[in-house]
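Thank you all for coming.

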Amino acid sequence: MEIQLDHLYEFDLTGTISFGGLDESFLYDMFKDGRFCCEPLSRYLEQQFNDLVFVDKKGYDFTWQGRKIEKKQITKNGLKFCQSSMIGAGRVVNTNQMLDHISENKLLYLLADITEFPKVRVAFIEGAELVRHCKSKNFTYTRKAALNLLNAIKSKQEYTRQGSSVYTT
């Protein structure tokens, strides 16, 4: 499928996850944790979107049409979209370094909502737009704020689909 910026994609992975004899509900709960879901979801999304290439480089995870894309997941703890090297105990978010990284790379973000796994919602958003809406100097959104961001994309998308869009191109 083709990538559209500021478009919400929804995937239902029900019945597609298994590991030995482990209960499916256990695996679904496990995949709501970004540490476990990250790699398999990245590989899955690469297969779903045309020209999306998983590269797993420092500072970005994918390329698409010459653009760098960083994938971040929305979990029960919200969304942290600073570089991974700035996340964790004893680490500090360097605001200027982050803003430079986003700007210099014209970074896109692939946001993946895994809070309702096996249902996954995905959106591609310009890094500058993500920063503009963020109220935290640590490049974080609460879970509610991150989900509201995705819901706003869905609402705009549905409004446009109804032929009542006030947006012009």
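Phe139 counts as buried because its relative accessibility is 4%, where buried means under 20% relative accessible area, exposed over 50% and partly exposed in between, with a 1.4 Å probe and protein chains only. Please keep in mind that this is a predicted model, in which local features need pLDDT of at least 70 and side-chain atom pairs count only at pLDDT 80 or more, while totals for chains, interfaces and linings use all residues. Residues are numbered from 1 along each chain as its sequence is written, and side-chain values use heavy atoms, with hydrogens and water left out.

Searching the whole structure gives 11 aromatic pairs; rings of Phe, Tyr and Trp (its six-membered ring) pair if their centres lie within 6.5 Å, and planes under 30 degrees apart count as stacked, over 60 as edge-to-face and the rest as tilted. One of these pairs joins Phe81 and Tyr109, edge-to-face, with 5.5 Å from centre to centre and 85° between the planes. Both of these residues, Phe81 and Tyr109, are buried. Phe81 also forms an edge-to-face pair with Phe139, again at 5.5 Å centre to centre and 85° between the planes. Phe81 lies in the loop between strand 5 and helix 3, and Phe139 in the loop between helix 4 (127–133) and strand 8 (140–141), so this pair ties together parts that are 58 residues apart in sequence; helices (H or I, at least four residues) and strands (E, at least two) are DSSP runs, numbered from the N terminus.

Finally, which residues do ring pairs link into a cluster? They are Tyr9, Phe11, Tyr44, Phe49 and Phe124.
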